[in-house]
Amino acid sequence: MLLTNLGPYSSTAPNGGRQIAGSMTGSKISPRLRRWLEGISLWLAVLLFLFVHPVYAEASETGREGAGEFHFVDDAGQRLGSATLLNTDYNVTVSGLIADTRLRQSFRNTSQQWREGVFVFPLPENANVYGMTMTAGERVIVGEIHEKQEAKRQYAKAKEEGRKVARVDQQRPNLFTTRMANIPPGETITVELNYQQAVRYQSGEFELRLPTTLTPRYMPGQALDNEPAQWSGGWATPTSAVPDADQISPFTVRPDDVGPDSHRATIALEINAGLPVSRVSSPSHRVTSTWNGNTVEVAPESRAVLMDRDLIVRWAPARGMEPAAAVFQEQWQGEDYLLALVVPGVNGKQRLPRELVFVIDTSGSMAGESIRQARQALLRGLDTLDADDRFNVIQFNSQTHSLFMEAVPASGNNLARARRYVKGLNADGGTEMASALDAALEMTGDGGEESRARVRQVVFITDGAVGNESALFGKIRDGLGSSRLFTVGIGSAPNMHFMREAARYGRGTYTAISDLSDVARPLDELLGKMEAPVLTDIAVSWPGQAAATEAFPDRIGDLFRGEPMVQVVRGLPAEGALDVSGRLPDGSQWQQSLNLEQAANGKGLHRHWAKQKIDSLMDSGLTGKIDDDARQHVIRLGLEHQLMTKYTSFLAQDKTPSRPTQEALETDSVPTLLPAGSQGTMLRYPQTATMSPLLIAIGLIGLMFSAAITLLKRRVYP
Amino acid sequence: MNRLILLLATTFATVLAVGLWIPFKAMVAQELLELAWAESQARQQETRPWPWADTWPVARLMVPETGQSLIVLDGAHGESLAFGPGQVVGNDGRAGPVVIAGHRDTHFRGLQHLETGSRVKLQDRDGDWRSFRVDRIRVVDSRHEQINTAQLPRDSLLLVTCYPFDGLENNGPLRYVVEATAESLVTANKADNALAREAVAGT
């Protein structure tokens, strides 16, 4: 094929060139030579026609596909076809234990066509979205909560009719999608979301995390064979384990690909902790803090930060002012809501010999900075082992591999072998987490009596970039036995929902490492906590009823060092006293009473309560499908409290059409940025064409042109 | 005037020659690479085809359909693609997917003749042949789609080239992707015989 195509060019074309050159050097031109020249030009013309012909073919072919199964952005579009620029603005107000965020996403259409923008974005793992507004120029349209199917239907209708419309759906508890149709050419539409979240308080420090991007997730399972060429919003196609894979896999691009005007976030925090704050820090960004009485205003030093990593802000109360207990109250629609926090403040000093299993994720998504953090974390974990402990190291990507057949004593020899093993770990391949969980949870040593006396702990080091979280949670819950599972989140944008829930089902706790220089502190704290839970069998009794049925979380897990007990209840006025009791590691009883009458006024407690209740209803979905009752209950709660859930979505639509229906609407999937330091598993397609055809065409055209001029010249001036 | 025309003609003749030089170079280089491949198989180490090359042969790709036998080079940078198809993602041993890219104007021009069900063979340095069956051929837009190496099945082979095959544009966004899955491992000796026969038939 190669040869036959090249043949004519290589034989004829240079000949032609020589002939023309020869003819021009002669001062006189004979009629014979002229005929020669004419003949050659004719040949060149034929060749050129053969060559130019494919150009038309190209144009018509792309045109056909553009109209058919592929959705291509016009060639004038940007490199990745993203003509929609995205910028976000976070405005966070923390009051007490609840952080309230106003998130503005503005979509600017830089193209000449009407656009629909689709943006998949992360929110904090415990975010509770309760409000949405769409702003288009002067018009402000307040979004309403609808059942998801109904919202979808109305969205499609409005989109069809050319009315401006925006919809926000929940894909995962920490993953959402904004869709916005009929953005006029050259204009900006803003979607404003309001959400609240509980601030994490542990070991005398508050922590707030604002995710801005997500690590591309691995989708296990077999590809579902439905129209493979169907273009969708994501890079992944649905699989048997993740049927909505295409919905949660936005394209990932590097910051250079989006240009300087897109994917920037402005962030401002106002911390109103209700007590003097002594210190504000951020391991992820350089921040400035301004004290204003008890209020602290925090913002990143650079005005607009790149959306390629989570923003983490920590603040600590002044020394000696750490809260031991707190109560907040709120009245909403005639109902009382109470939120109580109790810090047991006890230290378990007892240390039992343990069996520690380290599981490290070496999948492709960990490549780059993440795997270095993970190795560092694991090495530090190995350092804490005592001679009477037993341990093992398991790595997993597409396959699971464990260093030892079973847990071995932490002798110098074994530790040295483990260190060498860990230093040689590289990240590559898929994230088949289920088999790793099996290996970590099922591997019980044959030590019999001896191993039963040990505390069995699994430390799971991962970025949580998987699409089948809930199946994994089910696996943890069913296979846990007497083990405890602790998770360590790795990277610039770990899936914190996975960390938190996996640890909850694993009766452990979680932490996250965001930077190589920040490995020691979070990890030491986690390893310290792991020594022993300080409080177990916790019972909370609210006044007026023996068992508070409407208190959430309804079953409080074990508490580790420095962790508070937090519960929210509905239908109780701030009267009487709350009793919290539990068992200390040495077997003795611990009890504390909290006077509810000193309750401070809180905001958004009812939403927090509803969210907790929804979460507990959704937990039943792990065993299989969520039954209709629970589903209806979730929808009812969502509509009543105006909350976004898996079954309820926000929708804002304009009443009057703005796009003339004869004009086309292009859909644009807005990409997310590759998390900082991540190499990513996504490869660009290489450049696979040469200049050759173009050069040959230019050469041929030029030679023909020269020949034509020569001929013309001889004809006009013989 | 004559000089001007002469200048014009020589310029375009040069352009044409450069244009023709690219496929010529690609063709001749493959011959040289054959030697380097034979040497690297014999010595079981990376052998550079010429001292200043920044790439080396890593595999041999056979397309029985077109009778083509190509030496695959390491990496898909301009330097390697000029001389042979480049291995973007690869495995020295057995496990893991393989992605090979090539120029649509030269080495991978023949990909357009592949169809679902066609066979493609890949030989590694040990001389073992693996046979792949084409499952699917797609045209992708590289502005929208990337290769997700974590998502590829471990026994898959991806051949990538530009699309359309007759296009003039050298940095167009479309890619022609041939997806194939390994069938079975053919033992070295049997495959060598089969190869010899096929090579004769192919030429």
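Modeller: We can begin with how an angle is defined here: axes are lines fitted to C-alpha atoms, for helices over the stretch in contact, and angles run from 0 to 180 degrees between N-to-C directions. Please keep in mind throughout that this is a predicted model. In chain A, helix α7 (residues 433-442) and helix α9 (residues 469-479) pack at an angle of about 15°, and their axes are 10 Å apart.

Biologist: Why are α7(A) and α9(A) called roughly parallel to each other?

Modeller: Angles under 35 degrees count as roughly parallel, and the angle between α7(A) and α9(A) is about 15°, so these two helices are roughly parallel to each other. Their crossing is right-handed.

Biologist: Which residues of α7(A) and α9(A) meet?

Modeller: From α7(A) come Met433(A), Ala434(A), Leu437(A), Asp438(A), Leu441(A) and Glu442(A), and from α9(A) come Leu472(A), Lys475(A), Ile476(A) and Gly479(A). The residues of this contact divide into six nonpolar, one polar and three charged, and Gly counts among the polar ones.

Biologist: Why is strand β1 of chain B said to be largely enclosed by the rest of the structure?

Modeller: A residue is buried if 20 or more other C-beta atoms lie within 10 Å of its own. In β1(B), which covers residues 57-63, seven of the seven residues are buried, and the strand is therefore largely enclosed.

Biologist: What makes β1(B) and strand β2 (residues 68-74) of chain B paired strands?

Modeller: Two strands pair if there are at least two bridges between them, and six bridges join β1(B) to β2(B), which run antiparallel. Val63(B), for instance, has Gln68(B) in β2(B) as its bridge partner. The two strands form a hairpin with four residues between them, and Gly67(B) in the turn has a positive phi of about 70°. Three bridges also join β1(B) to strand β5 (residues 119-123) of chain B, again antiparallel, with Met62(B) standing opposite Lys121(B).

Biologist: In the open sheet of chain A, what makes β6 and β35 edge strands?

Modeller: The sheet has six strands in the order β6-β34-β7-β8-β3-β35, with mixed pairing. Both β6 (144-147) and β35 (665-670) have a single partner strand, so one side of each is left without a neighbour in the sheet. Neighbouring strands of this sheet are turned by 25° against each other on average, direction ignored.

Conventions
Residues numbered from 1 in each chain as written. Chains lettered and ligands numbered in written order. Predicted model: local features only at pLDDT ≥ 70, side-chain atom pairs only at ≥ 80, totals over all residues. Buried ≥ 20, exposed ≤ 12 C-beta atoms within 10 Å, placed from the backbone. Parallel < 35°, antiparallel > 145°, perpendicular 65-115°, else oblique. Left-handed = near helix turned anticlockwise from the far one by under 90°. Contact = placed C-beta atoms within 7 Å.
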